[in-house]
Amino acid sequence: MVETVPPPEPWRAPAILQAIVIFIATFAAYWSSLGNHYALDDQLVIQRNVAVLRGVSGIGEILTSHVYQSYFEGAGGHAAPSNRHYRPLPVMVYAVEQSLFGRTLGDEYRVLREEFLNPAPNRPPGELEKRMVEMERRIDQAHLDIAFERHFIHVLFYAVAMVVMFIFLSRYLLAAIPLAGFIATLLYALHPIHTEVVANLKSLDEIFSILFILATGIFVFEWDRTRKPWAMALAMLSLVLALLSKEYAVLAPALMGAALMLVRRRKFRAALVSVLPLLIPIVLYLVVRKAMVGEFSPAAYGPADLIIDPFSKLRTGEAEGSILATKIDMMDENLRLLVWPHPLSADYSYGAFWYRSFGDWRVWLSFLIHATLAALTFLAWRRRHVLAFAGIVYFAFMGLVQAGIGVSVGERLAFHHSLAFAILLGWGIAKLPRPVAIAVCVAIAIPYGVLTYLRNPVWKNDRTLFLTDVKTVPDATFANGKAGSAILNEALDRLAERNRQNRPLSPQDREFVKERAAAALVYLRKSVEIHSTYAGAWISIGIAHYYREEFDQSGKAFARAAEIQPGGPALRQYAANFHLLGTTLAKQGDLDGAREMFRRAASATPDDARYQSTYGATAFMTLRFSEARAAFEKAIEIDASNPQAMQGMAAAGAYDRVTQATIERPNDPQAFEELAAALERNPAPKFAEAAKKARETAARLRK
């Protein structure tokens with residue numbers, strides 16, 4: 001029999017006023033984010049997501065795919081099993097926004113993308129690439145057109161989540177301590193560490209997750225009190241929505257069971273009975289998730305990449321240290337950001353932290369701090385003190401973050417466990433005399449709100465974000481790479497604008513492009529110095545050198561990128577550019593210059609038989625028969641039915657043999673006579689000139 005619990009007091013004017021204050025304060029602090037565009041992972045989840053661009057027509061696709069599926073398919077690859085997150089609810093909101101406020105270009109984009117990824121063998125060089133550039137320009141503009149509406153809705157959801165948090169804390173968890181729920185929620189809402197979640201659209205999953213987890217808690221408390229079916233039905237519905245937002249919601253039954261034991265003094269069995277029905281939606285979710293996106297597998301991480309997995313050098317033994325020791329050390333950085341949220345950064349990945357080993361005192365200091373917090377949580381639990389819930393929340397969500405295989409520190413990664421810090425602040429401040437409590441709350445809330453308001457515009461786009469944050473984490477490879485790319489995009493935008501206007505570049509335009517490319521190279525070179533296999537940075541380096549007309553350095557950078565990550569769309573674009581330059585030089589009679597351009601095109605896209613054949617043919621015409629044969633062989637490996645490559649390889653092989661004979665027998669006139677005879681069969685001027693020299697050499701040797 002469940003102990004009868006009196007209902008919470010009805011909401012009176014002070015509580016309603018407090019909820020209004022929280023809502024307005026939240027909106028005021030984040031008003032400066034309404035002018036933002038898109039940054040960081042917005043491109044992966046929103047901007048290049050075909051299902052989102054289809055609007056409401058894409059909802060079925062969203063429900064049957066993982067959050068990054070469309071982006072990876074567009075890049076010609078697949079996400080590793082550890083990155084197949086099933087979070088359809090926030091993505092569905094993006095799709096609805098696209099239908100309500102924007103243009104739905106998804107079907108058109110998908111058709112072109114399929115053609116781009118599986119091009120016809122005889123397509124004109126660069127034609128598909130130009131169409132894709134124009135398509136992506138239209139898509140970017142379609143997203144920019146509704147950026148304000150998206151950010152307004154995003155802040156609105158956050159403000160609603162804060163009201164739900166206030167209800168949960170003030171009416172249930174901290175109901176015995178006047179003002180505690182209000183103070184905790186207000187300081188949580190304004191905490192600067194949450195700017196990433198609110199100012200960056202991709203993080204709607206975090207907002208929905210905490211909103212519906214707390215809503216689940218509200219209805220669990222009502223179910224525990226009344227045993228009314230409607231309460232459990234709403235609790236289960238809220239949990240389903242939380243699970244469809246982010247996987248963290250699997251912790252909700254345990255958290256709410258602990259809350260019942262602390263606040264309602266329920267025995268373990270009674271608390272278990274109250275939350276047991278919540279296991280039904282969790283089991284159903286796991287079944288559906290596996291059917292839709294496959295089984296989660298941290299071990300199946302895919303190729304080591306420091307950008308995705310900052311611990312990959314430790315996994316492969318390239319660096320000294322311990323992953324566990326490093327993660328323990330990073331836990332106190334999470335705490336520091338909660339207590340002192342300055343300076344903030346979007347990048348806490350490789351280069352923004354140091355690998356540690358268990359011989360480092362910093363690791364043991366962090367361990368000692370967290371062991372102390374764990375002990376205090378245990379003691380609070382033994383006494384059934386409400387602060388035990390704060391400790392449980394902190395360690396539960398922190399544990400999920402640290403158990404992950406990627407970055408262990410991050411502003412959005414602190415979003416859930418920062419609730420523990422807010423509860424601690426709310427409880428501690430509310431224990432003070434009321435005038436003092438209000439003064440302390442205001443003294444913290446105002447700086448929080450100001451810092452948040454000032455930080456929001458930094459998230460406007462990648463340029464504002466990374467050119468700011470690279471000063472905070474100057475040795476972070478990702479921040480440097482993104483800062484360089486953002487500067488480079490200024491040059492590319494100028495080129496695209498002139499192209500749309502059908503205007504040639506003026507001398508001032510050319511100087512601007514070269515200057516921006518040079519400025520970008522400063523950051524990009526540093527990025528690859530830190531992380532030599534950062535393919536994205538190498539591609540940007542190639543682009544920067546290309547527009548500075550430093551073609552040799554450009555070709556080398558693209559070739560390096562192709563070694564690391566072959567087949568990227570940007571590589572294809574600039575391979576097409578090199579090919580067109582080569583064609584122009586060939587028409588002008590500069591075959592040696594053309595061969596160099598075709599070689600760079602082939603190096604940038606080594607899996608394109610057409611570029612390999614063109615390079616082989618030009619190498620053949622410039623008498624570089626060994627190069628020609630290798631290029632033709634590569635073309636045949638890619639496309640065994642390529643007649644041009646087969647004929648070219650046979651001819652290049654024959655010429656290469658007689659050429660090699662002169663190298664092996666430099667004093668044999670017969671070898672040079674055979675070379676001359678072979679060369680004379682080709683009427684091209686270069687062949688005739690080479691044949692003449694070969695005969696002269698043979699005659700000289702006979703004398």
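Reply:

**A residue in the first helix**

Thr 26 is found in helix H1, which covers residues 13–29; helices (H or I, at least four residues) and strands (E, at least two) are DSSP runs, numbered from the N terminus. The model is predicted, so local features are given only at pLDDT of at least 70 and side-chain atom pairs only at pLDDT 80 or more, while totals for chains, interfaces and linings use all residues. Residues are numbered from 1 along each chain as its sequence is written, and side-chain values use heavy atoms, with hydrogens and water left out.

Thr 26 counts as buried because its relative accessibility is 0%. Buried here means under 20% relative accessible area, exposed means over 50%, and partly exposed is in between, with a 1.4 Å probe and protein chains only. Apart from neighbours within four places in sequence, Thr 26 is in contact with Tyr 158, Ala 159, Met 162 and Ala 189. A contact means heavy atoms within 4.5 Å.

Leu 179 sits in the loop between helix H9 (147–173) and H10. Its phi is near 75°, a positive value in a residue other than glycine. Glu 549 also has a positive phi, near 60°. The loop that holds Glu 549 runs between helix H26 (535–547) and helix H27 (551–564). With 48% relative accessibility, Glu 549 counts as partly exposed. The peptide bond from His 342 to Pro 343 is cis, with omega near -5°. Pro 343 is placed in the loop between helix H18 (323–339) and helix H19 (361–382). Most residues other than glycine have a negative phi, and most peptide bonds are trans.

Now the whole protein. It has 34 helices and 0 strands. The C-alpha trace spans about 115 × 55 × 45 Å along its principal axes. Of the 703 residues, 52% are buried. Contacts between residues at least 6 apart in sequence join residues at least 24 apart in 73% of cases. The accessible surface comes to about 30,800 Å², and 62% of it belongs to carbon and sulfur atoms; these areas come from the Shrake-Rupley method with a 1.4 Å probe, and for residues only the protein chains shown count as cover.

There are 75 positive and 66 negative side chains, and the centres of the two sets lie 6 Å apart. Lys and Arg count as positive and Asp and Glu as negative, while His and the chain ends are not counted. The place of a charge is taken as NZ of Lys, CZ of Arg, CG of Asp or CD of Glu.

H32 (residues 643–664) has 22 residues and reaches 31 Å from its first C-alpha to its last, close to the 32 Å expected at 1.5 Å a residue; the expected span is 1.5 Å times one less than the number of residues. Its buried residues include Ala 645, Gly 648, Ala 652, Tyr 655 and Ala 661. An α-helix has 3.6 residues a turn, so residues three or four places apart point the same way. The buried residues of H32 pack against helix H30 (609–621), helix H31 (625–638), helix H33 (669–680) and helix H34 (685–702).

Ala 628 belongs to H31. Its relative accessibility of 0% is why Ala 628 counts as buried. Beyond neighbours within four places, Ala 628 is in contact with Gly 616, Ala 619, Phe 620 and Ala 652. Tyr 615 is 13 residues from Ala 628 along the chain, with 7.2 Å between their C-alpha atoms.

Ala 684 lies in the loop between H33 and H34 and is buried, with a relative accessible area of 14%. Its C-alpha atom is 58 Å from that of Gly 58, which is 626 residues away along the chain.

Pro 447 lies in helix H22 (residues 434–455) and counts as partly exposed at 39% relative accessibility. Pro 447 and Leu 190 are 257 residues apart in sequence but 9.0 Å apart in space, C-alpha to C-alpha.

Last comes confidence. The mean pLDDT of the protein is 87, and 95% of the residues score at least 70; pLDDT is the predictor's confidence in each residue, from 0 to 100. Confidence is lowest in helix H28 (residues 569–587), with a mean of 73, and highest in helix H10 (residues 180–190), at 97. Over residues 299–303 the pLDDT is below 50, and this stretch has 9 contacts in the model beyond near neighbours in sequence. Where pLDDT is low, the predicted coordinates should not be read in detail.
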